[in-house]
Amino acid sequence: MNELSRTRIVRRLPRISEKQKRTAHHVAGHAVVAWAQGVTLREISIVPVGKTAGHADIAQDLEVMMHHIDERTALKAKLLITCAGMRAELRFNPKAAVRGGLVGIYQEVIDSWALVRRINETRNELPLCFLDDAIAETNALLEAYWSRVERLAEALLKHKTVSGTDATAIIGG
């Protein structure tokens with residue numbers, strides 16, 4: 001072994017786990033569908049906080065949005081964004097439903113159903129297919145914008161947190 005090989009320092013990049021990749025796609029899915037709905041992105045992150053593995057900070061803007069458009073339209077946008085995380089994660093890794101993602105799917109349905117009930121209150125009717133339609137529309141948006149989800153997920157894996165301005169540039173670019 002020569003002197004150069006003994007002194008060479010090998011710099012290894014930290015290993016990115018499958019869970020981090022799924023989380024990046026999950027959070028990027030929320031962000032891209034929010035962007036597609038015209039919602040301003042504030043911050044996107046895969047840094048764990050509390051019980052969450054990451055977040056897409058958009059909620060405040062949705063509340064503002066609800067004051068400018070009819071409540072049903074705003075709630076539908078919120079429903080699509082809610083569905084987008086797990087749908088993107090499952091598109092990235094279809095085995096996620098088998099490896100613990102089932103809990104996330106159930107939570108998605110619970111969160112979505114609560115939104116559907118709120119939408120129903122605005123019209124006093126029960127559209128049973130509303131959730132199915134929202135999931136289908138979310139899947140269509142993810143299909144159309146999948147390359148953008150992938151770009152944002154890659155940026156999240158590299159930087160962990162991306163500002164809303166940067167996320168919007170990554171998605172729109």
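**Charged pairs, a ring pair and a core**

Biologist: Is R91 buried, exposed or partly exposed?

Modeller: R91 is partly exposed, because its relative accessible area is 36%, which falls between the limits of 20% for buried and 50% for exposed. Please keep in mind that this is a predicted model.

Biologist: And what does R91 form a salt bridge with?

Modeller: R91 forms a salt bridge with E143, and the closest N and O atoms of the two are 2.6 Å apart. The pair links distant parts of the chain, since R91 belongs to helix α4 and E143 to helix α6, 52 residues apart. E143 has a relative accessibility of 52%, so E143 counts as exposed.

Biologist: How many salt bridges are there in the whole structure?

Modeller: A search of the whole structure finds 2 of them. Besides the bridge between E143 and R91, there is one in which the side chains of E89 and R22 meet, with 3.1 Å from N to O. E89 sits in helix α4 and R22 in helix α2, so this pair ties together parts that are 67 residues apart in sequence.

Biologist: Are those two buried or exposed, and why?

Modeller: E89 counts as buried because its relative accessibility is 8%, and R22 is buried too, with a relative accessible area of 14%. In general, side chains of opposite charge can pair when their charged atoms come close.

Biologist: Changing topic, how many aromatic pairs does the count give?

Modeller: The count comes to 1 aromatic pair. The ring centres of W35 and Y145 are 5.4 Å apart and the ring planes stand at 85 degrees, so the pair is edge-to-face. W35 lies in helix α2, whereas Y145 lies in the loop between α6 and α7, so the pair ties together parts 110 residues apart in sequence. W35 counts as partly exposed at 25% relative accessibility, and Y145 is partly exposed with a relative accessible area of 24%.

Biologist: What about the largest nonpolar core, how many residues has it?

Modeller: The largest nonpolar core has 33 residues, and those with the most contacts inside it are V33, L41, I44, L152 and L156. Helices α2, α4, α6, α7 and α8 each supply at least two residues of this core.

Biologist: Which residues does L152 touch?

Modeller: Leaving aside residues up to four places away in sequence, L152 touches A28, A31, V32, I44, A167, I170 and I171. One of these, I44, is itself among the core residues with the most contacts.

Note on methods. Residues numbered from 1 in each chain as written. Predicted model: local features only at pLDDT ≥ 70, side-chain atom pairs only at ≥ 80, totals over all residues. Heavy atoms only, no water. Core = buried A, V, L, I, M, F, W, Y, C linked by side-chain atoms within 4.5 Å. Buried < 20%, exposed > 50% of the residue type's maximum accessible area, 1.4 Å probe, protein only. Helix = DSSP H or I, 4+ residues; strand = E, 2+ residues; numbered from the N terminus. Contact = heavy atoms within 4.5 Å. Salt bridge = Lys/Arg side-chain N within 4 Å of Asp/Glu carboxyl O. Phe/Tyr/Trp six-rings, centres within 6.5 Å; stacked < 30°, edge-to-face > 60°.
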